[in-house]
Number of protein chains: 4
Amino acid sequence: MPKVGMEPIRKAALVRATITEIGRAGSLDVTVSQIARRAGMSAALAHHYFGSKEQIFLAAMRHILSIYGAEVRGALVAAGPDPRARLEAIVRGSFTRTNFRREVVSAWLNFYTLAQTVPAARRLLTVYQRRLHSNLMHALVPLAASRAQPIAEALAAMIDGVYIREALASGAPDGMAAADFVIGFLDRELGAAP
Amino acid sequence: MPKVGMEPIRKAALVRATITEIGRAGSLDVTVSQIARRAGMSAALAHHYFGSKEQIFLAAMRHILSIYGAEVRGALVAAGPDPRARLEAIVRGSFTRTNFRREVVSAWLNFYTLAQTVPAARRLLTVYQRRLHSNLMHALVPLAASRAQPIAEALAAMIDGVYIREALASGAPDGMAAADFVIGFLDRELGAAP
Amino acid sequence: MPKVGMEPIRKAALVRATITEIGRAGSLDVTVSQIARRAGMSAALAHHYFGSKEQIFLAAMRHILSIYGAEVRGALVAAGPDPRARLEAIVRGSFTRTNFRREVVSAWLNFYTLAQTVPAARRLLTVYQRRLHSNLMHALVPLAASRAQPIAEALAAMIDGVYIREALASGAPDGMAAADFVIGFLDRELGAAP
Amino acid sequence: MPKVGMEPIRKAALVRATITEIGRAGSLDVTVSQIARRAGMSAALAHHYFGSKEQIFLAAMRHILSIYGAEVRGALVAAGPDPRARLEAIVRGSFTRTNFRREVVSAWLNFYTLAQTVPAARRLLTVYQRRLHSNLMHALVPLAASRAQPIAEALAAMIDGVYIREALASGAPDGMAAADFVIGFLDRELGAAP
DNA sequence: AATGAATGAGGATTCATTCAT
DNA sequence: GATGAATGAATCCTCATTCAT
């Protein structure tokens with residue numbers, strides 16, 4: 001067993017465990033002990049690496065957001081330069097199997113509430129929103145000109161809305177259907193007389 | 001002064017206090033003492049009337065949902081029989097000044113997370129979703145025929161999305177603008193080629 | 001069992017228990033649980049009444065200092081107007097059986113260290129020192145004129161010195177001997193050529 | 001670079017760090033990590049060298065007491081055989097700039113409380129007291145005959161009293177003034193009619 | 001009806017100490 | 001020699017809930 005360089009390993013394990021536990025509990029009322037136990041270590045060690053429960057939560061948020069960002073970036077690269085294709089990439093990237101999992105959706109919802117209390121959490125979500133908006137605008141301007149702005153906002157709201165509603169749904173999340181749904185809406189917006 | 005008939009008064013005060021405190025804290029991490037203090041009574045009395053903290057939360061949810069329902073019903077009555085007018089009434093009812101207040105938005109968000117844990121809370125939100133869906137469908141079927149269903153879902157998602165995003169916004173909520181925004185979307189959906 | 005007006009009773013019990021426990025442990029490393037248990041209640045109740053461990057310690061200090069003040073005041077009243085008698089009263093009041101008990105001496109010593117960390121504790125000790133100084137000066141000025149000031153300081157230092165040394169002694173404190181010892185010193189100071 | 005012979009260097013660094021940290025904190029509530037960090041090493045190494053926190057504290061006490069002893073011995077050598085000069089040397093040695101520093105005074109006070117709990121600490125302080133007493137007696141017997149004993153005790157108490165009061169003072173310690181103060185007292189005691 | 005009194009259960013956090021490398 | 005890794009045991013404090021009055 002290696003006894004050195006554990007920090008990144010432990011931290012990653014804790015982040016994963018945090019998301020799992022939040023998803024499982026459906027709330028942020030998760031103890032550090034629970035998280036640590038699932039990550040296979042003592043609560044003391046979790047504190048040793050993160051300093052506080054809040055930092056653990058923030059790391060989990062960062063993780064989810066960075067995964068999200070990576071998925072979208074990947075999809076954009078694959079999409080090439082065509083604006084319509086890029087829009088679809090952004091939307092589909094939001095409903096990837098990795099992102100649109102029950103636990104992640106639940107964590108997402110809980111992070112929204114966390115952001116109401118913890119400034120750092122709010123900042124993270126704001127960054128996410130801004131990046132999404134910017135991505136959407138770049139692709140929408142060539143297609144919708146002056147209506148790019150409202151369409152971008154509507155898309156963002158709808159993506160969040162679909163997420164939050166999924167949090168209450170009973171079956172397993174169907175990312176493909178969700179993405180199709182949002183893209184259908186997008187196409188009608190683009191097709192509407194300006 | 002008679003001491004009888006205090007029950008509904010006390011309960012109402014507690015419900016109001018609960019929503020205020022949740023809005024203020026931005027989370028469900030609110031103690032019964034805080035709620036009771038704001039309602040001008042002891043925590044013991046709050047328990048006497050509601051039995052448990054969970055029941056207090058549920059009563060607050062019911063209150064918010066019933067206010068919401070009342071606003072929408074009122075708007076529908078005023079709207080008369082025209083389907084387009086009725087749709088607009090439903091949307092505007094969702095963004096009334098009473099509904100679309102910071103505290104209420106925050107409480108709403110938190111109740112979504114509560115619904116993940118507490119079955120009774122989930123049931124309440126499901127009822128709200130169903131009623132909204134049913135209202136939308138009644139008005140949409142004459143206007144959009146087979147596309148009524150997806151449009152209704154899109155509208156519902158967008159309303160929730162706008163709410164959740166408002167929870168992170170910094171300024172005071174602008175219900176009028178939010179309603180206009182959603183109705184613009186609705187009209188384009190209705191105008192799109194079937 | 002009375003169920004009302006417990007606060008002063010509980011608080012007094014906690015203060016007594018705190019002094020006992022500090023004396024017993026010989027340090028401030030005393031848990032709230034220990035204190036509460038000795039006072040016959042739960043740790044939660046101790047927190048309910050005092051809010052924090054620090055407040056409990058401060059209340060104990062205040063108690064000790066007020067007892068001390070009362071003893072000295074009582075002795076002064078009994079002493080009448082004669083300055084020499086008043087000086088003796090002050091010194092003897094410092095070594096009363098109530099004050100010069102093992103536990104109290106130990107608590108006293110520990111409060112000195114507490115005062116290095118906790119401003120409120122420092123303030124309390126400063127008040128004690130000032131009052132002692134003022135009492136001594138009033139009685140010394142008629143007897144020693146310009147040398148009143150240094151004699152007062154020497155007396156105060158010696159009283160504290162006797163206390164701190166008692167904290168290390170093995171037998172039971174002998175307040176009478178200690179007082180005689182300090183008064184002997186005082187008399188020689190007064191008798192010395194100015 | 002040879003790694004041998006590090007032990008005394010490391011230990012000395014730890015002892016210095018301990019005194020600094022106790023002085024800084026004004027209490028014994030100092031963690032081994034703090035001490036080790038200030039000494040430029042890991043907490044594990046501190047344990048390696050001393051075995052336990054208690055041993056670290058004791059080493060620090062021994063260090064302070066040995067410094068104290070050395071100062072006094074040095075002053076005695078310089079004083080020569082004259083009893084009065086030797087007394088003055090003892091007193092001045094107690095208020096050397098090295099001894100009468102804020103941190104050391106604070107550490108001293110804290111070691112008094114430590115001595116209430118830890119027998120080994122008590123033994124160390126007892127040794128110090130006995131040596132001081134013995135030194136004083138040797139010089140006092142030729143000057144004060146039968147009154148040597150009480151004067152020695154009074155001097156010792158006063159030195160401790162001045163120390164403890166300095167722990168609460170606000171300005172920087174003034175060892176010269178303190179020594180003058182105690183010597184003035186001594187001279188009056190010696191001058192008093194037997 | 002109303003409340004102060006009271007507590008058990010739990011939770012974040014700290015820390016001395018041990019161990020494998 | 002030196003340290004990062006790791007943890008068990010504590011400790012302060014909070015809080016929902018119950019009870020006697």
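Me: What makes two residues of chain D and chain C a polar contact, and how many such pairs are there?
Reply: The count between chain D and chain C is 10 residue pairs, both residues at pLDDT 80 or more. A polar contact is a pair of N or O atoms within 3.5 Å (within protein, one must be able to donate a hydrogen and the other to accept it, and residues adjacent in sequence count only if both atoms are side-chain atoms). The model is predicted, and local features need pLDDT of at least 70, side-chain atom pairs count only at pLDDT 80 or more, whereas totals for chains, interfaces and linings use all residues. Residues are numbered from 1 along each chain as its sequence is written, chains are lettered from A and ligands numbered from 1 in the order in which they are written, and side-chain values use heavy atoms, without hydrogens and water.

Me: Why is D:Arg188 with C:Glu189 called a salt bridge?
Reply: The term requires a side-chain nitrogen of Lys or Arg within 4 Å of a carboxyl oxygen of Asp or Glu. The closest N and O atoms of D:Arg188 and C:Glu189 are 2.7 Å apart, so the pair qualifies.

Me: Which salt bridge joins chain B to chain A through B:Asp160?
Reply: B:Asp160 pairs with A:Arg165, the closest N and O atoms being 2.9 Å apart. The interface of chain A and chain B also has 12 residue pairs in polar contact.

Me: What makes C:Phe100 and C:Tyr163 an aromatic pair, and is it stacked, tilted or edge-to-face?
Reply: Rings of Phe, Tyr and Trp (its six-membered ring) pair if their centres lie within 6.5 Å, and planes under 30 degrees apart are stacked, over 60 edge-to-face and the rest tilted. Here the centres are 5.1 Å apart and the planes 80 degrees, so the pair is edge-to-face. C:Phe100 lies in the loop between helix H5 (83–94) and helix H6 (102–117) of chain C and C:Tyr163 in helix H8 (residues 148–166), so the pair ties together parts 63 residues apart in sequence.

Me: Are C:Phe100 and C:Tyr163 buried or exposed?
Reply: Both are buried, the term meaning under 20% relative accessible area, with exposed over 50% and partly exposed in between (1.4 Å probe, protein chains only).

Key
Helix = DSSP H or I, 4+ residues; strand = E, 2+ residues; numbered from the N terminus.
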